[in-house]
Amino acid sequence: MPQVPRPAGPAEALSPAPGDPDDLEREAALAGLFELHYASMLRLAVLLGADDPENVVAEAYYQIYRKWRRLRDIEAAEAYLRSTVCNLTRMRIRHLQVARRHVVNPPDEVVASAESTALLHDDQRVLIDALQQLPARQREALVLRHWLGLKESEIAAAMGISCGSVKTHTSRGLAALTQAMEARR
């Protein structure tokens with residue numbers, strides 16, 4: 001009796017075909033990208049206000065894995081990853097805002113993950129709390145500018161806005177952050 005081929009399982013579907021140099025190269029490049037940038041992408045998601053930064057970063061790496069062949073410039077992978085983390089965080093925050101409007105009894109306190117807590121020192125908590133009070137776009141602009149040290153054009157690309165809007169969000173964010181920090185003294 002002829003054997004019927006069985007469908008590939010999840011592990012087999014994700015693993016590269018033996019000897020396929022393109023897939024092996026992609027796997028190696030993504031492993032290197034993960035090793036170099038995971039911690040900074042996780043911090044970025046935390047600073048942007050993601051409630052589940054580990055999942056946001058994991059999804060960003062999955063997105064770049066899926067689109068690797070369409071990536072024109074491999075050197076742009078970090079920028080693509082950073083932009084994806086920003087977009088996914090923004091989408092997650094919007095989703096949570098809508099979901100919280102429809103909750104009968106909203107939770108009293110949001111519990112941060114162990115990794116998120118470990119990343120932040122006590123002296124940074126005041127600053128992080130003040131950052132969390134800013135509008136999302138101002139918070140993104142400030143984090144990308146002052147934490148990552150990106151140029152205005154890089155911030156504009158990551159946020160999907162013009163350079164002028166980056167200047168506006170950064171200026172307004174700094175003013176609001178300064179006012180909030182001075183009020184806490």
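User: What share of the contacts in the protein with a separation of 6 or more comes from residues 24 or more positions apart?

Analyst: The model is a predicted one. Among contacts in the protein with a separation of 6 or more, those between residues 24 or more positions apart account for 67%.

User: Which elements make up the protein, and how many helices are there?

Analyst: Reading from the N terminus, the elements run α-α-α-α-α-α-α-α-α. The protein has zero strands, and its count of helices is nine.

User: What percentage of the residues counts as buried, and what part of the accessible surface belongs to carbon and sulfur atoms?

Analyst: Of the 185 residues, 32% count as buried. The accessible surface of the protein comes to about 12,100 Å². The part of that surface belonging to carbon and sulfur atoms is 55%.

User: Which residue forms a salt bridge with aspartate 51, and how many residues apart in sequence are the parts that the pair ties together?

Analyst: The side chain of aspartate 51 meets that of arginine 92 in a salt bridge, with an N to O distance of 3.3 Å. Arginine 92 lies in helix α4 (residues 77-101), whereas aspartate 51 lies in the loop between α2 (21-47) and α3 (53-66), so the pair ties together parts whose separation in sequence is 41 residues.

User: Which helices are linked by the salt bridge between glutamate 152 and lysine 167?

Analyst: The two side chains meet at 3.9 Å, N to O. Glutamate 152 is partly exposed at 33% relative accessibility, and lysine 167 is partly exposed at 48%. The residues are 15 apart, and the pair links distant parts of the chain, namely helix α8 (residues 152-159) and helix α9 (residues 163-183).

User: Which residues do salt bridges with shared partners join into one network?

Analyst: A search of the whole structure finds five salt bridges. Arginine 92 meets aspartate 51 and also aspartate 52. The network therefore consists of Asp51, Asp52 and Arg92.

User: How are the rings of phenylalanine 34 and tyrosine 61 arranged?

Analyst: A search of the whole structure finds two aromatic pairs. Phenylalanine 34 and tyrosine 61 lie 5.2 Å apart, centre to centre, with 65 degrees between the planes. An angle over 60 degrees meets the cut-off, and the pair is edge-to-face.

User: Which helices does this aromatic pair link, and which ring cluster includes its two residues?

Analyst: Phenylalanine 34 is in helix α2 and tyrosine 61 in helix α3, 27 residues apart. Phenylalanine 34 is partly exposed at 41% relative accessibility, whereas tyrosine 61 is buried at 10%. The helices linked are α2 and α3, and the cluster comprises Phe34, Tyr38 and Tyr61.

User: Which residue lies over the face of tyrosine 65, and at what distance from the ring centre?

Analyst: A charge counts as sitting over a ring within 6 Å of the ring centre, provided it is also within 35 degrees of the ring normal. The residue over tyrosine 65 is arginine 26, at 4.2 Å.

Definitions and conventions. Residues numbered from 1 in each chain as written. Predicted model: local features only at pLDDT ≥ 70, side-chain atom pairs only at ≥ 80, totals over all residues. Heavy atoms only, no water. Helix = DSSP H or I, 4+ residues; strand = E, 2+ residues; numbered from the N terminus. Buried < 20%, exposed > 50% of the residue type's maximum accessible area, 1.4 Å probe, protein only. Contact = heavy atoms within 4.5 Å. Areas by Shrake-Rupley, 256 points an atom, 1.4 Å probe, with all protein chains shown as cover. Salt bridge = Lys/Arg side-chain N within 4 Å of Asp/Glu carboxyl O. Phe/Tyr/Trp six-rings, centres within 6.5 Å; stacked < 30°, edge-to-face > 60°.
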